[in-house]
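Hi,

Here's the structure I promised to pass on.

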Amino acid sequence: MKFEDIRAAEARLLVTTYERNPICFVRGEGVLLFDEKGAAYLDMLSGIGVNALGHGHPAIQEALDKQSRKLLHVSNLFFHEGQAELALRLTEMTGLDRAFFCNSGTEAWEAALKLARAYATLRRSEGHRLGTKILALEHGFHGRTMGSVSTTHKQKYREPFEPLVPGVEFVRFNDIADLEEKFSNEVCAICLETVQGEGGIYPVSKEFFAAARKLTSETGALLIADEIQCGLGRTGEWCAYRHYGILPDVTTLAKPLGGGIPIGAMLCNEEAARAFTPGMHGTTFGGGPLACAVAIAVIDTMRRDNLLQHIQETGKYFVQQLQSLAQRHTCIVDVRGMGLMLGMELSDAELAKQATTQMMERRILINRTNETVLRFLPPYIIEKKHIEQTIHTLDEILTNLTTVAASPAAAHGARG
Ligand SMILES: *Cc1c(COP(=O)(O)O)cnc(C)c1O
């Protein structure tokens with residue numbers, strides 16, 4: 001099918017959940033993606049933080065090839081070699097004890113929420129006082145299924161689907177006093193993204209994380225860190241919470257885990273894991289042989305190539321470059337993030353929209369989140385020259401946009 005035919009057919013045949021950009025990709029290689037005319041695009045978004053090793057990585061090709069010849073699926077009714085091997089790696093990386101495998105981010109988050117409710121039930125049966133309430137953070141994002149969307153803050157994502165899962169209350173971001181006020185024995189879990197992604201690249205402060213840890217430890221409620229976007233090396237550590245030296249009880253991983261093959265994981269400590277017994281939760285596809293083999297290849301490649309250090313170094317360089325750009329452009333109001341999870345906030349949403357579109361026209365893929373924030377989630381294999389190319393192009397685009405428009409009628413930061 002030609003691109004125009006694909007567009008027309010999709011417009012007729014698909015449920016309209018996405019407004020796609022007018023580019024059709026046919027192939028990828030390293031940090032580049034190629035459209036149907038053969039034009040190359042620099043991928044600074046990696047499929048929203050998924051293609052950690054870029055495109056067409058030989059280690060992933062080999063794992064796919066080998067495993068597809070051996071075994072694709074057996075269900076969770078039987079053993080295969082992949083889950084234990086992957087769990088061994090993930091427990092070490094997260095500092096937690098046990099893993100549950102699934103197919104996506106939202107499924108990992110659902111598992112975490114169900115674990116929290118089941119754990120509270122177990123604790124009550126053991127004579128403790130623990131309620132069913134869940135605290136989540138304002139501007140947080142945890143996925144689109146019912147439980148996940150119930151803990152996601154944005155009205156637009158929630159309202160049409162009400163009634164949602166009951167018992168969720170939102171706490172102001174990084175506001176310890178608000179957290180303390182809303183926390184009680186009624187709470188079974190505090191939920192947070194260690195670094196908010198969709199919310200605009202905002203790290204939870206170490207103080208807030210520590211306060212959440214202290215409160216939950218006092219009552220036996222669970223501290224659940226969503227690391228679906230910020231985990232697995234994205235911030236330069238295996239988990240973003242490793243920067244703080246504080247462990248949660250539960251964490252969720254997904255996006256980069258399979259390097260492009262769908263797989264998610266919920267990890268928890270020994271104590272919380274007691275809440276699930278056989279039959280209580282499950283999945284047909286989760287943790288299948290193919291997905292596990294690829295995830296193992298992704299992790300082993302990251303270790304072999306010392307990618308954590310590479311992420312730290314290139315991330316530091318990227319931030320410096322963005323900051324020097326901010327000194328030349330008054331429309332840049334903030335530069336935030338950790339490692340290769342970076343955001344650059346512009347003074348108004350329309351400007352951010354145009355900058356993103358023009359970057360795409362200049363064949364560099366980024367996206368815009370929380371209205372005003374340009375988001376950079378490049379593959380972990382990015383090199384300095386790609387960062388330089390991005391900064392140079394962004395510099396030109398912002399110069400053009402601000403001298404042409406020169407309208408100071410800026411909306412203010414979407415976080416009021
Ligand atoms: C993307 C994301 C999810 C949802 O993952 P899906 O695979 O799209 O279901 C959940 N939490 C965070 C922090 C995310 O970035």
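Predicted model: local features only at pLDDT ≥ 70, side-chain atom pairs only at ≥ 80, totals over all residues.

Residues are numbered from 1 along each chain as its sequence is written, and side-chain values use heavy atoms, with hydrogens and water left out.

The sheet is open, with four antiparallel strands in the order β13-β14-β17-β16 (strands are DSSP runs of E, at least two residues, and helices runs of H or I, at least four, numbered from the N terminus; two strands pair if DSSP finds at least two bridges between them). At the edges sit β13 (332-338) and β16 (367-369), each pairing on one side only. β13 pairs with β14 (residues 341-346) over six bridges, and Ile332 has Leu346 in β14 as its bridge partner.

Now the rings: there are six aromatic pairs (Phe, Tyr or Trp rings, the six-membered one for Trp, with centres within 6.5 Å; planes under 30 degrees apart are stacked, over 60 edge-to-face, the rest tilted). Phe141 and Tyr157 have ring centres 5.8 Å apart and planes at 75 degrees, so they are edge-to-face. Phe141 is buried at 16% relative accessibility, and Tyr157 is buried at 15% (buried is under 20% relative accessible area, exposed over 50%, partly exposed in between, with a 1.4 Å probe and protein chains only). Ring pairs also link Phe209, Tyr241 and Tyr244 into a cluster.

Cheers
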